[in-house]
Amino acid sequence: MNKKTTEQTNFWKKFCESDSSYNHLKDHPFDAWSFGDTPEMGDELGALVLEGKKIATTSLYHSYKGHEGELPKIGTYEMILDGSEIPLGIIFTHKLYICKYSEVDEIHAREEGEGDLSLDYWRREHLRFFSKYKKDFNESDLVVCEKFTLVYS
């Protein structure tokens, strides 16, 4: 787990104090990350979360190879950062499934909140993105689909 900045630690503390039901998380380690692989993508996708347009995400299952214990988990709270690692909000993961890339449906594509919200857009952009990390990526490769709720910002 990466070392957290003072700003991230303070943001987590404020989240835990914002509602008594989060108090038990006060001393719990937390993950903090941004979407995508560039600061610009982190800013853009993080803003979509804050606007309520992005309530889902997809990652390449292959990227967890050898680190399967790091797969996202249902029932976890995580800090979303912008492209400069500044805290934006806390999300709660409430749905998770692994499927073939070709099995991702229109609903999930729309819930990702990106582009024109279509499955065609989702497939085109995710094919481009995943192919950067797995050169032989194809439609039968597995992806990790998450659905989350923004609970604090």
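## Cysteines

In this predicted model, Cys 16 is a buried residue, since its relative accessible area is 2%. Cys 145 is likewise buried, with a relative accessible area of 0%.

Where is the cysteine sulfur closest to that of Cys 145? It belongs to Cys 99, and the two sulfur atoms are 4.1 Å apart, which is too far for a bond, because a disulfide requires the sulfur atoms to lie within 2.5 Å. The count of disulfides for the structure comes to zero.

## The sheet

Five strands make up an open sheet of mixed pairing, and their order across the sheet is S1-S3-S4-S5-S2. Strand S1, residues 31-33, and strand S2, residues 56-60, stand at the edges, and because each has a single partner strand, one side of each is left without a neighbour in the sheet. From one strand to the next, the twist averages 40 degrees.

Leu 60 has Val 143 of S5 standing opposite.

## Helices against the sheet

Helix H4, formed by residues 119-131, packs on the sheet, where H4 touches both S2 and S5, and the direction of H4 makes about 35 degrees with that of S2. Helix H1, formed by residues 6-17, lies across S1, strand S3 (77-81), strand S4 (87-100) and S5, and H1 runs at about 85 degrees to S4.

The loop between H4 and S5 contains Asp 141. Is this residue buried or exposed? Asp 141 is buried, because its relative accessible area is 14%, and the limit for a buried residue is under 20%.

The side chain of Asp 141 is joined to that of Lys 134 by a polar contact of 3.1 Å. When residues up to four places away in sequence are not counted, Asp 141 touches Cys 99, Lys 100, Tyr 101, Lys 134 and Asp 136.

## Aromatic rings

Across the whole structure, a search finds 15 aromatic pairs. In one of them, Tyr 77 and Phe 92 have ring centres 4.8 Å apart and planes at 45 degrees, so the pair is described as tilted. Tyr 77 belongs to strand S3 and Phe 92 to strand S4, so this pair ties together parts that are 15 residues apart in sequence. Phe 92 counts as partly exposed, at 25% relative accessibility. Both Tyr 77 and Phe 92 also belong to an aromatic cluster, which they form together with Phe 11, Trp 12, Phe 15, Tyr 22, Phe 30 and Tyr 152.

Phe 129 and Phe 130 form an edge-to-face aromatic pair, with 6.1 Å from centre to centre and 65 degrees between the planes. Phe 129 is found in helix H4, and this residue counts as buried at 18% relative accessibility; Phe 130 is buried as well. Leaving aside residues up to four places away in sequence, Phe 129 touches Gly 36, Asp 37 and Met 41. How far apart in space are Phe 129 and Phe 148, which are 19 residues apart in sequence? From C-alpha to C-alpha, Phe 129 and Phe 148 are 21 Å apart.

Definitions and conventions. Residues are numbered from 1 along each chain as its sequence is written. This is a predicted model: local features need pLDDT of at least 70, side-chain atom pairs count only at pLDDT 80 or more; totals for chains, interfaces and linings use all residues. Side-chain values use heavy atoms; hydrogens and water are left out. Two strands pair if DSSP finds at least two bridges between them. Helices (H or I, at least four residues) and strands (E, at least two) are DSSP runs, numbered from the N terminus. Axes are lines fitted to C-alpha atoms, for helices over the stretch in contact, and angles run from 0 to 180 degrees between N-to-C directions. Contact means heavy atoms within 4.5 Å. Buried means under 20% relative accessible area, exposed over 50%, partly exposed in between (1.4 Å probe, protein chains only). A polar contact is a pair of N or O atoms within 3.5 Å; within protein, one must be able to donate a hydrogen and the other to accept it, and residues adjacent in sequence count only if both atoms are side-chain atoms. Rings of Phe, Tyr and Trp (its six-membered ring) pair if their centres lie within 6.5 Å; planes under 30 degrees apart count as stacked, over 60 as edge-to-face and the rest as tilted.
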